Structures are given as C-alpha cells and as structure tokens.
Amino acid sequence: NGIMAAYSSAANVERVEHYYGLMQQAGFKLNERTATSMIKTFAEVGDWKRVSRVLDEMTELRVEKNSATASVIFDAIARSKTPDATALRKYRRRLQREGLQLDEMAFRDLFAAARACEDWQGMFEDFDGMRVQNRRPRSSIYQHLMVAAGHLGKANMIPTLLNQMEEQDLAPRTELFRLAVQAYARCGLFGDVATTIEQLMPAWGVRATVAVANSVLELLVSHPTAGPRAHALAGSLGSPHHMLNNAELGALLELLNSVSSPDASSPGAPDASRAPTTPAAGSVQDSADGEASPVLPSDLSAASSASSESSRQGDSSSSFASSEPSAQNDPAASSESSQPDSSAVPAPNDSPRLSSVS
C-alpha cells in the first residue's frame, strides 16, 4: 500500500496497476486504502472508466466508500487543466445515490470542483445538502458561493450569505469582500459596490485593498462612459495587496457613484431598499482569530429565503442529504480561518452595514 501510494502521488498509472496485480497474486484483497490510491491515480489522469471500475469493485467486495474516496475524485477534477463537468455530475450523483456522507474536507473539494467546472447552480444545491447534513461551512465555501451568486445574477444572495456567516461565527475577510463586490458588479449594482466598500467593510474592520478595487474596475473598463476612467484608475494603483489611500478610495467611490446614478448607462441602478442600516450593539467573538466583530442580524428576511429556495432546481434529493445529520469538527477549518488579516482594524459598533434585501 505504501509503494502504491507513492506512485499514486506521481500519477504513475502503470506502476500502480503493476503493484495492485502483485497484491492480487499474493492473495491480498482490495481494501479502502488501496482503492483510494488507485482512484486518485486514475482521476489525476482523467481516466474515469478506471475510476468507475474501482468503485464497482469496491461495491462488489463490500469495501466501504468514505469521504476520502469522494475527496480524491473532486480534488482531481478541481485541479485538472480541463475540468470535466460531466465527470463531476456523474460522481456527485453516484456517491449521493449510494448514501455517502461527506465530511467538511470532501465538501471543500466538491465546491472547488464545481467552481472549476463553473457549475454555479450546483454549488447552491450542494450547499443545501451540506446544511442538511449539519456540516459547518468553511470560509472558502462562502467564497465559492459569492462567485456563484455573481454569475447567476442573484445579488440578493450576497447579504444572505453574509448573515449566514455571522450565524456560523465566521467574520468576512478581505478576499470574501473582494468576491462580494465583484458579484454586485456582475449584477450591475455599482451603488451596492460603493456601499459595501464605504460602509460594510469598515463595519467589519476590513480596509479596501487594490485587489478589491481591481475586481470591480476590470468589469467597468468596458462601460460605455466610465470605461476610460476605470482604465486610468486601475493603471494608477499599486500592488494588489496594498491598501487604498484616501485619494484612491475617493476616486473609486466617485466613479462607482457616477455609474450608479439613475441617468447613468449602467446595467442596473441600485434599489433604495438596499440602503444600509445600523448594526446591533455589541459584538460576537470570531472563532477564527479571537477578534471581536460587529453583530449582524441572524434572522434572514423571508424574501431572501424564498429567493434562495427558488434559485435551486429540484428538491433536496439533488443534494448529499441525510435523515440523520451528524456534526464533525474539521481541524483544517480552524487552521484556514485562523490566518491573520493584515487589513483588519478595530471595528466600530455604530458603523452601518447592508441589510438583507428582497
């Protein structure tokens, strides 16, 4: 098994099959560890017929399939130069049909694969399955969902996801906000982009970086009137990790407000119902790094919930659902979210934030 695992890491199909043949000749039967090594090898090279063959053999010999089995498949799809959306759908359905319960790490790899395959709707279906199984979403999964919301044009899901992060005691960081403002920009809601950068991010103690600005400017350069200004501003900014100075932030907000005005030729104008409100007094302790963060309301609006429900195609049977949810602690989750955010500053309790929208 050790030798096979080594060749599996190198995606050496020939040697993996050779040593499996030797094991069979010596009377060893397929076990969970050997099967995982073989599946990983075949998935790395996109040989899905062989992957299916190993899964069939596991079923025949009653070798248990677990989250590691699913993880190696999803991870290989996510890291492939040509992600195979057909393979993702096939194995997602098969493992679901066989009643496999995914752990947090397997869900992480599933979401990464769905993003690589641009399966935006599938992400929200898998998110439902994750919550049914009572798995705790990691920050990286919310980042994937922000990307999906932008591509699906579901701007109302952005504040909903932020509220759900608050329920999980996860404080949004710079990368999450970068993806949130980009999602708003994809929906043509540049007023919401400005509000998020000017009000919501400071409320969470997060300062805007050049990367945050660039994620919006790259979508504005093709704007019929604001394009030249967006191109010029993008060219004047420094390294993506640098914080925006006051002049740069002011120029960005002025540009965003100009394209969000009613007479601007923007893809859409912001709704007045998106106006920010004052957060509740007090703070919650961020389990990720021990910093105090402003409280966001936990209750989601009925309209947001309805929109989330209507955005899914099919029912809960399309997800990795279980009638007996079980929670597991993922040590990797805390290590991921414990990375310090250099952009964090003390968060005022009276700073405005975006409310859930209908």
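Predicted model: local features only at pLDDT ≥ 70, side-chain atom pairs only at ≥ 80, totals over all residues.
Q: How do the axes of helix 4 and helix 5 cross, and within what distance do they come?
A: The axes of helix 4, residues 48-60, and helix 5, residues 67-79, come within 13 Å and cross at roughly 175°. Because angles over 145 degrees count as roughly antiparallel, helix 4 is roughly antiparallel to helix 5.

Q: Which residues meet there?
A: From helix 4 there are Trp-48, Val-51, Leu-55 and Met-58, and they meet Thr-69, Ile-73 and Ile-77 in helix 5. Sorted by class, this contact has 6 nonpolar residues, 1 polar residue and no charged ones.

Q: Okay, new topic: how many salt bridges does the structure hold?
A: It holds 11 salt bridges. One of them joins the side chains of Glu-44 and Arg-79, at 2.3 Å from N to O.

Q: And where do Glu-44 and Arg-79 lie?
A: Glu-44 lies in helix 3, residues 32-44, whereas Arg-79 lies in helix 5, so the pair ties together parts that are 35 residues apart in sequence.

Q: What about Asp-56 and Arg-94, how do their side chains meet?
A: They meet in a salt bridge with an N to O distance of 2.7 Å. Asp-56 belongs to helix 4 and Arg-94 to helix 6, residues 85-97, so this pair ties together parts 38 residues apart in sequence.

Q: Is Arg-94 buried or exposed?
A: Arg-94 counts as buried, at 11% relative accessibility, while Asp-56, at 42%, counts as partly exposed.

Q: Which residues do salt bridges with shared partners join into one network?
A: That network is made up of Lys-40, Glu-44, Asp-75 and Arg-79.

Definitions and conventions
Residues numbered from 1 in each chain as written. Heavy atoms only, no water. Axes fitted to C-alpha atoms, helices over the stretch in contact; angles between N-to-C directions. Helix = DSSP H or I, 4+ residues; strand = E, 2+ residues; numbered from the N terminus. Parallel < 35°, antiparallel > 145°, perpendicular 65-115°, else oblique. Contact = heavy atoms within 4.5 Å. Nonpolar A, V, L, I, M, F, W, Y, C, P; charged D, E, K, R; others polar. Salt bridge = Lys/Arg side-chain N within 4 Å of Asp/Glu carboxyl O. Buried < 20%, exposed > 50% of the residue type's maximum accessible area, 1.4 Å probe, protein only.
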